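Keep the structure open beside you as you read.

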Amino acid sequence: MILLLRLIILLLFIFLIYSAVKYLFHPKRKLELAHEQKRFFLLDDPDNVRKNFLLTYKGVLFEGEKYLGTTHSAFEVVSIFIWPKKTSALKGLVLEDFQFIERKVRENYPVAKIDWKSPIKEFMADHDQEDES
């Protein structure tokens, strides 16, 4: 009876350690931590084109949708739409911040055309018009 109780306690202890390690190293937790610390973090599964990616930068959470298409040599992600989860959190971001995000996304998807959804789309278009003038 005591041996069985010790075995159950040992298994429970192993399970608790396993759960704690799994929790600490879960990518979603890393995203939440980076979001709280206002750092950049990209949570993506590059092998799964159907799964959207999440990224955080300066305390703003963005979601990106990937679209598969053809290039000259292969099927690759050719289009990406990115939008903020909360538009009110965009306060204080400047053009260079969005360009930084584009560069980081292009590191994983170099041939993809990156489009922003509203209101960032209009913000970027206004700056493009000013650069042309």
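In which helix is the place of Glu 102? Glu 102 sits in helix α3; helices (H or I, at least four residues) and strands (E, at least two) are DSSP runs, numbered from the N terminus. With a relative accessible area of 15%, Glu 102 is buried. Buried means under 20% relative accessible area, exposed over 50%, and partly exposed in between, using a 1.4 Å probe and protein chains only. Leaving aside neighbours within four places in sequence, Glu 102 is in contact (heavy atoms within 4.5 Å) with Ile 114, Trp 116 and Met 124.

## What kind of model this is

This is a predicted model, in which local features need pLDDT of at least 70 and side-chain atom pairs count only at pLDDT 80 or more, while totals for chains, interfaces and linings use all residues. Residues are numbered from 1 along each chain as its sequence is written, and side-chain values use heavy atoms, with hydrogens and water left out.

The pLDDT is the predictor's confidence in each residue, from 0 to 100. The protein chain averages 88, and 95% of the residues score at least 70. Among the elements, β2 has the highest mean pLDDT (94) and α4 the lowest (75).

## The nonpolar core

A nonpolar core is a set of buried Ala, Val, Leu, Ile, Met, Phe, Trp, Tyr and Cys residues joined through side-chain atoms within 4.5 Å. The largest one here has 20 residues, and those with the most contacts inside it are Phe 62, Ile 80, Ile 82, Phe 98, Val 105 and Trp 116. Two or more residues each come from β2 (53-57), β3 (60-70), β4 (75-84), α3 (95-108), β5 (113-116) and α4 (120-132). Helix α3 gives the largest share, four residues.

## Aromatic rings

Rings of Phe, Tyr and Trp (its six-membered ring) pair if their centres lie within 6.5 Å; planes under 30 degrees apart count as stacked, over 60 as edge-to-face and the rest as tilted. By this rule there are seven aromatic pairs. Phe 40 and Tyr 57 form an edge-to-face pair, 6.3 Å centre to centre with 70° between the planes. This pair links distant parts of the chain, 17 residues apart: Phe 40 is in the loop between α2 (27-36) and β1 (41-43), and Tyr 57 is in strand β2. Phe 40 counts as partly exposed at 23% relative accessibility, whereas Tyr 57 is buried at 13%.

Phe 40 also pairs edge-to-face with Phe 100, at 5.5 Å centre to centre and 85° between the planes. Here the partners are 60 residues apart, with Phe 100 in helix α3. Phe 100 is partly exposed, at 22%. Elsewhere, Phe 62, Phe 98, Trp 116 and Phe 123 form one aromatic cluster.

## Around Phe 81

Phe 81 is found in strand β4 and counts as partly exposed, at 27% relative accessibility. Not counting residues up to four places away in sequence, Phe 81 touches Glu 63, Gly 64, Glu 65, Tyr 67, Asp 115 and Lys 117.
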